[in-house]
Amino acid sequence: MSIASNIQQIKHNIPKEVTLVAVSKTKPNEMLLEAYQDGQRHFGENYVQELVDKQAVLPQDIYWHFIGHLQSNKVKYIAPFVYLIHSVDSFKLLVEINKQAEKLHKTIDCLLQIYIAKEETKFGFDVKECEDILQSEDFKNLKHIRVCGLMGMASNTDNVVQLTSEFNVIKQLFDELKTKKLVGEFFKYLSIGMSSDYPLAIECGSTLIRVGSHIFGQRVYNQ
Ligand SMILES: *Cc1c(COP(=O)(O)O)cnc(C)c1O
């Protein structure tokens with residue numbers, strides 16, 4: 001199977017309102033270009049240096065999504081061009097993104113990462129922390145960020161009951177924030193679903209899926 005046919009197959013099976021982010025971490029530029037030539041424009045990366053290197057040489061109309069854990073001191077490197085930061089997991093990080101955006105006279109779109117997995121290692125806010133932040137005065141003073149939705153990573157399991165309940169937690173929060181008007185009209189992204197669980201995530205309300213290995217093949221990490 002080619003990259004292009006993998007993408008076509010996924011697109012064929014998802015509603016057209018759902019945005020497909022092709023997760024290209026660790027993959028060489030040639031593979032991203034192959035997807036690009038097939039019309040793919042949204043790409044997701046996890047590592048700042050890798051993203052900066054790729055952005056410099058790949059087509060300038062790519063929408064770059066940052067989806068990995070982001071250290072505050074590295075925000076400045078991606079702030080000039082990043083399209084959406086999915087993985088905001090602390091208030092400190094929001095403050096830094098706001099600061100870098102202000103320097104550039106722009107606003108940066110972000111998602112708040114919500115902790116939904118039953119695993120210790122995943123980053124993110126819990127439901128209460130998320131509500132508290134959005135209601136705080138400190139948050140309202142951050143004029144150079146827009147919170148455009150929520151992101152979550154479910155447990156690494158094929159237990160459909162468990163996955164569904166984890167996705168439901170974030171979907172309910174997503175709906176509740178809108179109902180209570182804690183978020184603006186640009187709050188529209190529910191970023192859940194990866195290669196193994198995106199059909200279920202879409203059933204649970206996903207509007208943005210992050211798919212890597214089903215497009216580009218398994219990743220090989222050489223550490
Ligand atoms: C790597 C990664 C993905 C893609 O994972 P696949 O299983 O290869 O689809 C999605 N989201 C995040 C946050 C990731 O780090």
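In the predicted model, tyrosine 63 is partly exposed, with a relative accessible area of 37%. Tyrosine 83 likewise counts as partly exposed, at 30% relative accessibility. These two residues, tyrosine 63 and tyrosine 83, form an aromatic pair with a centre-to-centre distance of 4.7 Å and an angle of 50° between the planes, an arrangement that is classed as tilted. Because tyrosine 63 belongs to strand E3 whereas tyrosine 83 is found in the loop between helix H4 (75–78) and strand E4 (84–88), the pair ties together parts that are 20 residues apart in sequence.

The count of aromatic pairs comes to three. Another of them joins phenylalanine 43 to tryptophan 64, again in a tilted arrangement, with 6.0 Å from centre to centre and 40° between the planes. Since phenylalanine 43 lies in strand E2 (residues 42–45) and tryptophan 64 in strand E3 (residues 63–66), this contact ties together parts that are 21 residues apart in sequence. Phenylalanine 43 is buried, its relative accessible area being 0%, and tryptophan 64 is also buried, with a value of 2%.

Arginine 41 lies over the face of tyrosine 36, at a distance of 3.6 Å from the ring centre.

Methods. Residues numbered from 1 in each chain as written. Predicted model: local features only at pLDDT ≥ 70, side-chain atom pairs only at ≥ 80, totals over all residues. Heavy atoms only, no water. Phe/Tyr/Trp six-rings, centres within 6.5 Å; stacked < 30°, edge-to-face > 60°. Helix = DSSP H or I, 4+ residues; strand = E, 2+ residues; numbered from the N terminus. Buried < 20%, exposed > 50% of the residue type's maximum accessible area, 1.4 Å probe, protein only. Lys NZ or Arg CZ within 6 Å of the ring centre and 35° of its normal.
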